[in-house]
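Biologist: I have a model open and want to learn how to read its side chains. Can we go through some features one by one?

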Amino acid sequence: MTESPQNVVLIEDEKMIRRYVAMALSASGFKVWESETAEQGLLETASRRPDLIILDLGLPDRDGVDVIREMRLWCEIPILVLSVRTEEVQKVAALDAGADDYLTKPFGVPELQARIRAVLRRRSRQDGGGDIEEGIFEFGNIQVDMIHRRVKRGEQPIHLTPIEYQILTLLVANVGRVLTHRFILQKVWGPDYVDRPHYLRVFMAGLRRKIEENSSNPKHLMTEIGIGYRLVRQ
């Protein structure tokens, strides 16, 4: 799965799930450090400085959302949440707190591995290996020139409104990551508009018509129902 071993801190209090995930990741070439409590997980994270944190929300000594908030005060290590909590409001709380992705239990190993790959790709680009640092980001046949504020499909320029361009570049900067409605509204419109998701739906529909080959079956601007949007680079 990976060309070189990467470190993962796995914070999960259910022993069977912890062993299941640890074995799957070890077989894929990861070095896994297991923790069964929030406190132990925080210590492992601070000492190991892993490439990824996998976190259960229902921990015995602290709620996982509070753990995410605390970690985000001192580290930007990607966090993938595993949880039995399926309510949208709970997923939104974890993502708004700073989680990079959210996977509900039960889950299959292939989906877990795919989510990990997406999170680590995004981090790799942020660390300097991606096109954004060169001013160009490409996905599908779309090219986004961040320096000249130009968007093209192949060689054909695409005209975006200022709001559509802001939304697109926000998704580009967080490629692979689920951005909540609230997060996008705050970044693009400001804090007074975080409870107006209809604004976002209108502009996302317009953006899809311009970016996607088939806006009714998008391949890049993906909806996380009830939560937000994610840019998928294929």
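Predicted model: local features only at pLDDT ≥ 70, side-chain atom pairs only at ≥ 80, totals over all residues.

Biologist: Where is R72 placed? Is R72 buried or exposed?

Modeller: R72 sits in the loop between α3 (64-71) and β4 (79-83). Buried means under 20% relative accessible area. R72 has 17% relative accessibility, so R72 counts as buried.

Biologist: Which residues is R72 in contact with, leaving aside neighbours within four places in sequence?

Modeller: I77, P78, I79, A97, G98 and D100.

Biologist: Show me a residue on the other side of that cut-off.

Modeller: Take P157, in strand β9 (residues 156-158). Exposed means over 50%. P157 has 65% relative accessibility, so P157 counts as exposed. Not counting residues up to four places away in sequence, P157 touches V151 and K152.

Biologist: How many Å separate the C-alpha atoms of P157 and I68?

Modeller: The separation is 41 Å, and the two residues are 89 residues apart along the chain.

Biologist: Now the rings. How many aromatic pairs does the structure hold?

Modeller: Five. To class a pair, look at the angle between the planes: under 30 degrees is stacked, over 60 is edge-to-face, and the rest is tilted. Y20 and F107 have ring centres 6.2 Å apart and planes at 50 degrees, so their pair is tilted.

Biologist: Which parts does the pair of Y20 and F107 tie together?

Modeller: Y20 lies in helix α1 (residues 15-27). F107 is in the loop between β5 (101-104) and α5 (109-129). The pair therefore ties together parts that are 87 residues apart in sequence.

Biologist: What is the relative accessible area of Y20, and of F107?

Modeller: Y20 has 38% and is partly exposed. F107 has 13% and is buried.

Biologist: Which residues form one aromatic cluster?

Modeller: W189, Y193, Y199 and F203.

Biologist: And charges over rings: which residue lies over the face of W33?

Modeller: Check the distance to the ring centre and the angle to the ring normal. K31 lies over the face of W33, 4.8 Å from the ring centre. Likewise, the charged end of R233 sits over the ring of F137, at 4.3 Å from its centre.

Note on methods: Residues numbered from 1 in each chain as written. Heavy atoms only, no water. Phe/Tyr/Trp six-rings, centres within 6.5 Å; stacked < 30°, edge-to-face > 60°. Helix = DSSP H or I, 4+ residues; strand = E, 2+ residues; numbered from the N terminus. Buried < 20%, exposed > 50% of the residue type's maximum accessible area, 1.4 Å probe, protein only. Lys NZ or Arg CZ within 6 Å of the ring centre and 35° of its normal. Contact = heavy atoms within 4.5 Å.
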